[in-house]
Amino acid sequence: MNTPRVLLINPPQGYSPQSASFNTYFPLGILSIASMIRDHCELHILDCLVTDFAMEHRDGMDVFGTPMPAIERRIAELQPDIVGISMPFTAQAEYAEEVAALSRKAAPNALVVFGGPHATIRYEALLQSGKCDYVVVGEGEESFREFVQRFGAGQSLSSIEGVASMHAGLLMFKPREYLKQLDKFPFPAYDLIDFSDYLNSPYLYLSRSNFKGPQISIFTSRGCPYKCVFCSVALHMGRKYRWHSVEYVIEHLKLLQEQYGISQFHFEDDNLSLHKRRFEQILDGIIGNQMHIRWDTPNGVRGDTLNMRILKKIKKSGCKQLNIAVESGRQETLDKVIKKDTSLEYLIEVIRNCRKIRLRTALSFVIGFPGETLDDMRATTDLALKLLREADAIPSVLIATPLYGTELYEDALKHGYMEEDVRDRDLGMATQSHGAPLLATEDFSREDISRLMEEYNAAYSREILRYYLRHPVYAAWRVMNRPDLLKRLFRMVFKHVSVGESRWREKHQP
């Protein structure tokens with residue numbers, strides 16, 4: 001029995017000028033894996049988002065993180081047996097692949113293993129390309145632990161459930177059943193990182209947070225039983241909803257609060273409130289234990305799981321912003337196009353109830369689906385602006401992006417709604433708030449979508465200024481904590497005023 005040397009890497013990230021701000025975050029996926037393998041190997045972690053941090057501009061992108069030569073040196077010095085590389089986002093896949101190439105050069109005897117959401121969905125293409133030796137598909141805690149154990153014991157790695165590989169040109173893969181009891185997992189291995197590296201970073205959750213000071217993300221559940229056509233969550237976390245117990249969640253929060261001094265949390269669950277009774281018990285636990293935490297839900301919650309009683313507990317337990325996924329301004333679009341399985345009328349009622357109890361809300365909308373018309377999309381942007389005016393709910397309108405493996409992706413390819421040579425970077429960038437549309441149908445062109453987004457952004461610029469004038473204290477607090485927002489706001493207003501003047505001249509000058 002040998003003790004393998006394992007290096008887990010969170011790669012650098014690249015952002016285009018149209019992207020949202022770069023964010024540093026605690027690498028919870030890597031820390032969860034680390035907690036399961038730490039007793040079976042000599043474990044090292046390289047988080048490129050905090051180690052020897054630098055920023056460079058190349059290939060039209062701003063690349064943040066450890067410079068590639070420094071990564072190569074670290075790998076060469078360590079000479080790991082296994083290099084596990086995280087691939088969470090399609091937009092960042094190329095940087096994970098670049099790190100993999102460095103690994104092959106610096107440690108030619110090491111096995112290169114990809115894991116994470118993007119790797120899970122694209123495992124066959126990644127293996128066929130030769131960019132890695134193995135891919136951990138889906139939840140990695142048990143699969144990768146078995147991989148490390150077998151490697152140390154000199155046993156075959158080809159039949160591990162949840163681990164894909166190529167042998168003699170044939171794809172080898174047997175899925176691993178998703179774990180039903182999440183409490184079986186220990187807490188992430190927080191002791192293996194230096195918290196000050198993250199808490200002192202000016203980029204910590206920069207564009208995803210209303211908070212200032214120590215803060216961290218936390219997950220309390222996995223999986224999604226719904227079938228929204230654009231969402232890829234079920235592809236890597238399964239359709240069966242699974243959750244940590246109330247006791248586990250409260251103890252996890254206490255650990256982070258008491259041992260690491262963190263009292264601000266981002267609940268990143270895709271379905272935090274789906275199990276209503278459990279969610280309410282978590283809120284009761286936070287209130288009853290007088291934890292005095294602040295929290296929000298950056299990934300959003302389903303509004304149809306909420307009622308006034310739960311909303312009051314959400315506010316009392318310290319929630320500072322509740323993100324609600326609305327998606328469309330037309331019920332027919334929700335039912336037949338997005339397949340959201342929710343009531344728009346009820347969502348609007350929940351949003352108005354949030355306003356009544358002064359619980360700050362943010363809303364997410366998506367336009368540009370095959371099956372929509374421009375009138376359908378305007379109904380969505382009109383509703384977004386109306387709820388900003390009347391319910392103080394801050395909207396985010398994004399363009400539908402056909403992510404790999406989703407029903408939207410398959411439908412777009414089948415009917416020729418997008419070009420077949422779309423790159424990972426194109427898909428990733430299209431998910432951004434100012435991303436370029438990729439889809440065009442008989443009912444709309446890409447230019448139609450771009451013009452509609454310009455109109456919406458111009459109207460949004462005016463409405464958000466009015467919002468800040470209605471809430472001067474909150475506006476001052478935001479600017480004080482996030483001075484970059486003021487610059488972005490003025491830039492946005494100036495841009496849309498300029499666009500408006502140009503179009504007026506086009507219409508009125510001979």
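Reader: Over which ring does the charged end of Arg 122 sit?

Author: The charged end of Arg 122 lies over the ring of Tyr 404, 3.8 Å from the ring centre. Bear in mind that this is a predicted model. Another case is Arg 302, whose charged end sits over the ring of Tyr 226, 3.6 Å from its centre.

Reader: Why is the pair of Tyr 404 and Tyr 409 edge-to-face?

Author: Begin with the total: a search of the whole structure gives 25 aromatic pairs. For Tyr 404 and Tyr 409, the ring centres are 5.4 Å apart and the planes meet at 65°, so the pair counts as edge-to-face; the cut-off for that class is over 60 degrees.

Reader: Are Tyr 404 and Tyr 409 buried or exposed?

Author: Both Tyr 404 and Tyr 409 are buried.

Reader: Which residues do ring pairs link into a cluster?

Author: The cluster consists of Tyr 15, Phe 22, Phe 53, Phe 64 and Tyr 203, linked through ring pairs.

Reader: What describes two packed helices?

Author: The angle between the axes and the distance between them describe two packed helices. Here, helix α9 (residues 246-260) packs with helix α10 (residues 276-288) at about 35°, and their axes are 9 Å apart. The crossing of α9 and α10 is right-handed.

Reader: Which residues make the contact?

Author: From α9 come Val 246, Val 249, Ile 250 and Leu 253; from α10 come Arg 278, Gln 281, Ile 282, Gly 285 and Ile 286.

Reader: How do the residues of the contact divide?

Author: The contact of α9 with α10 has 6 nonpolar residues, 2 polar and 1 charged.

Notes: Residues numbered from 1 in each chain as written. Predicted model: local features only at pLDDT ≥ 70, side-chain atom pairs only at ≥ 80, totals over all residues. Heavy atoms only, no water. Axes fitted to C-alpha atoms, helices over the stretch in contact; angles between N-to-C directions. Helix = DSSP H or I, 4+ residues; strand = E, 2+ residues; numbered from the N terminus. Left-handed = near helix turned anticlockwise from the far one by under 90°. Contact = heavy atoms within 4.5 Å. Nonpolar A, V, L, I, M, F, W, Y, C, P; charged D, E, K, R; others polar. Phe/Tyr/Trp six-rings, centres within 6.5 Å; stacked < 30°, edge-to-face > 60°. Buried < 20%, exposed > 50% of the residue type's maximum accessible area, 1.4 Å probe, protein only. Lys NZ or Arg CZ within 6 Å of the ring centre and 35° of its normal.
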